[in-house]
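Open the model in your viewer and keep the selection tool handy. We will go from one stop to the next, and each stop says what to pick and what is there.

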Amino acid sequence: MTRRVLVAYGTTNGSTAQLANAVAEVLREAGLAVETRPAREVTSLESCDAVVVGGALYAGRWHRDARRLVHRRRGDLAARPVWFFSSGPLDASASERDIPPVRGVRRAMIRVDARGHATFGGRLEQGAKGRMAKMIIDSGKGGDYRDFAAVRRWATGVADELTRG
Ligand SMILES: Cc1cc2nc3c(=O)[nH]c(=O)nc-3n(C[C@H](O)[C@H](O)[C@H](O)COP(=O)(O)O)c2cc1C
């Protein structure tokens, strides 16, 4: 039977949603039935066999919607294969080396026995919400550091695990 995967994401400015879509595309290409949803809209995990949760990083923490989903559904998540990803660094660091999960995400991974995690570069551009975002952009530290090739490589690994045997 086709395995059903939910890719849920927590985003403020939309870039993590696009990473989630890139993950979903790879999983679909591998023959999985995939749905993507904002984490705050996920009310049940009954209909899925595996879950990927992605969240933007803000002030050293995973996006609130991602945190809340994992908290709310921790029992369901613990009973399924789960992967997490974070998006954030506004420089090339995530493309150059593995960036470990922030403390809260590490703890959440332990709680639900997550199989893996990746940190991907982020994006912050004109029009982003919030005073802090504007300050970062005005100081010249914004940009788009998302590495879709890295996202696809990581998602291929997830797909391999889910389609193996
Ligand atoms: C106020 C603010 C705080 C941020 N804090 C972090 C952080 O602690 N770590 C990090 O890697 N990126 C941080 N970022 C960068 C965001 O994670 C990045 O822009 C991300 O791609 C945003 O995702 P979104 O478009 O899905 O909301 C911060 C950005 C803003 C505006």
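This is a predicted model: local features need pLDDT of at least 70, side-chain atom pairs count only at pLDDT 80 or more; totals for chains, interfaces and linings use all residues.

Residues are numbered from 1 along each chain as its sequence is written.

Stop 1: Select residues 5-159, which an unreviewed UniProt entry annotates as "domain: Flavodoxin-like". Such positions are given in the numbering used here, feature names are shortened, and annotations may be inferred rather than shown by experiment. The C-alpha atoms at the ends of residues 5-159 are 10 Å apart, and the span is 41% helix and 25% strand. Helices (H or I, at least four residues) and strands (E, at least two) are DSSP runs, numbered from the N terminus.

**Stop 2: the core.** Now pick Val7, Ala8, Val23, Val51 and Val53, the residues with the most contacts inside the largest nonpolar core, which has 44 residues. Elements giving two or more residues to this core include β1 (4-10), α1 (15-29), β3 (50-58) and α7 (148-163). A nonpolar core is a set of buried Ala, Val, Leu, Ile, Met, Phe, Trp, Tyr and Cys residues joined through C-beta atoms within 7 Å. A residue is buried if 20 or more other C-beta atoms lie within 10 Å of its own, exposed if 12 or fewer, and partly exposed in between, with C-beta atoms placed from the backbone.

Which residues does Val7 contact, leaving aside its neighbours within four places in sequence? They are Ala20, Val23, Ala24, Val34, Thr36 and Val52; contact here means C-beta atoms, placed from the backbone, within 7 Å.

**Stop 3: the ligand.** Show the 23 residues that surround the ligand; the closest are Asn13, Thr16, Ala56, Gly88 and Gly122. At least two residues of this shell come from each of α1, β3, β7 (123-124) and α6 (131-138).

Stop 4: Select Asp65, Ala66, Leu69 and Val70, which are buried in α2. They cover an arc of only 130° around the axis, so they sit on the same side of α2; the arc is that of the directions from the helix axis to the C-beta atoms. The buried residues of α2 pack against β1, β2 (33-38), β3, β4 (61-62), α3 (74-78) and α5.

Move on to α5, where Val105, Ala108 and Val112 are buried. Their arc is only 60° around the axis, which puts them on the same side of α5. Turn to the face away from that buried side to find the exposed residues Arg103, Arg107 and Ile110.

Stop 5: Just after α5, Asp113 takes a positive phi of about 55°, although Asp113 is not a glycine. Most residues other than glycine have a negative phi. Asp113 lies in the loop between α5 and β6 and is exposed, with 12 other C-beta atoms within 10 Å.

Finish at Ala59, in the loop between β3 and β4. Ala59 has a positive phi of about 50°, and with 6 C-beta neighbours inside 10 Å it counts as exposed.

How values were computed:
Two residues are in contact if their C-beta atoms, placed from the backbone, lie within 7 Å. A residue is near a molecule or strand if its C-beta atom, placed from the backbone, lies within 6 Å of it.
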